[in-house]
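Trainee: I'd like a close look at one part of this model, please. Pick a spot and walk me through what surrounds it.

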Amino acid sequence: MNSQSQAPFFCQACGEPEPEIFFEVDDVPVHSTLLMDSREEAQRYPQGSLKLGFCRTCGFVQNVVFDASVHEYSTKCEESQGFSPRFNAFLRALTLRLIETYDVRNKKVVEIGCGKGDFLELICALGHNSGIGIDPGIIPERQQHSEAWERIRFIQDFYSEAYGELTGEFMACRHTLEHIQPVKAFVNIVRRAIDKHPDTIVFFEIPDVERVLSEVAFWDIYYEHCSYFSLGSLGRLFRACGFKVLNLQKDFEDQYLVIEARPIATPEAAPQLFPGEDDLKQLAATVDRFKTIARDTLARWKRQIGGYAKEGKRVVIWGSSSKGVSFLTTLGLGDEIGYVVDINPFRQGKFMPGTGHEIVPPAKMAEYKPDVVLVMNPIYCEEIAASLSDMGLSPQIVPA
């Protein structure tokens, strides 16, 4: 669904007025996954502002000044994590769990926001399913065509009411809802599409805002992500839209939230709550703490990286996607960082939106010999350390 900018004075999840503003950053690139072909293009790319608002009624967090019209989601977007063995192991385990739990075998699977099709191909291959994927950035010809690809059809577009007929026994939507501003309207579109299919299972996966706020992980806050959920706010939204929640949990070392649900005709009077779902009071306290210490956290990171520069240390960032863009632009970093490293070959040779840092392959480090490697996602530290060790390098690895 191509979300449209709406009045920013009410909660897009529950409708309550005037979410409480608790974090603001100006001059951030409006795209962080779009590939930039030159340093000049990257540095002059359009910028916007972040103004995060917290709804104390339902727990939803949103960028109240988000404007979807500035985005150009297309095949130039590169969001794939499928080049990491660590991530691929997670994705395979997740897919097998879903297949076993909901008997997703010899069925039709629809994925909204399918990216480059990795998950859809995997669930179709492992469960011998057929699939339909919809995403403006899909590049089918880039994939290695296993036998499962013969059972998959792709649509290069945004999901909307116009695709309401694209239903299946299993519908997935991974890392898309956080890009949508009118989240309740979007979930309602999915609900209406399966209104006459009560056995359809829907599966959504999104980042966990509670972790972002508790860790003051400002690099996980960026323009493309306009909507942020906790376990509680996610469960409340789906129930309000006419779903029975079958599973609600954290995954990928508590970085992600996953929800599995099916449509119901009548809202449950006393729905089952899952562990961690009754989180509104704790989430409000976490927001208050974030508001108090966020600026000090930013200042500490700037001092730390400035200290490396004064000592003449060569510093690189590992991870060129959204986290890396946000880290660089929020801190206003420039020459303190030599390169940005990424294992994704489609990102190599491109440049970081906003700052213009060059993105290079890991092999470049054998020549550059960094003293410090800032890892944008600590879940990959072991994988990165092994790659550096294979090159005979042992720099200081600093997880963000």
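Mentor: Cys14 has a relative accessible area of 31%, so it counts as partly exposed. Bear in mind that this is a predicted model, where local features need pLDDT of at least 70, side-chain atom pairs count only at pLDDT 80 or more, and totals for chains, interfaces and linings use all residues. Numbering starts from 1 along each chain as its sequence is written, and side-chain values use heavy atoms, leaving out hydrogens and water.

Leaving aside residues up to four places away in sequence, Cys14 touches Cys55, Thr57 and Cys58 (contact means heavy atoms within 4.5 Å). Ala240 sits 226 residues from Cys14 in sequence, yet the two C-alpha atoms are 8.5 Å apart in space.

Cys14 belongs to the segment before strand 1 (20–29); helices (H or I, at least four residues) and strands (E, at least two) are DSSP runs numbered from the N terminus. Follow strand 1 and you meet helix 8, whose buried residues pack against it. They also pack against helix 5 (209–214), helix 7 (280–310), strand 12 (315–318), strand 13 (339–341) and strand 15 (372–375). Ten of the ten residues of helix 8 (residues 322–331) are buried, so the rest of the structure largely encloses this helix. Among them are Lys323, Phe327 and Leu328, with Ser322 and Leu331 at the ends.

Terms used:
Buried < 20%, exposed > 50% of the residue type's maximum accessible area, 1.4 Å probe, protein only.
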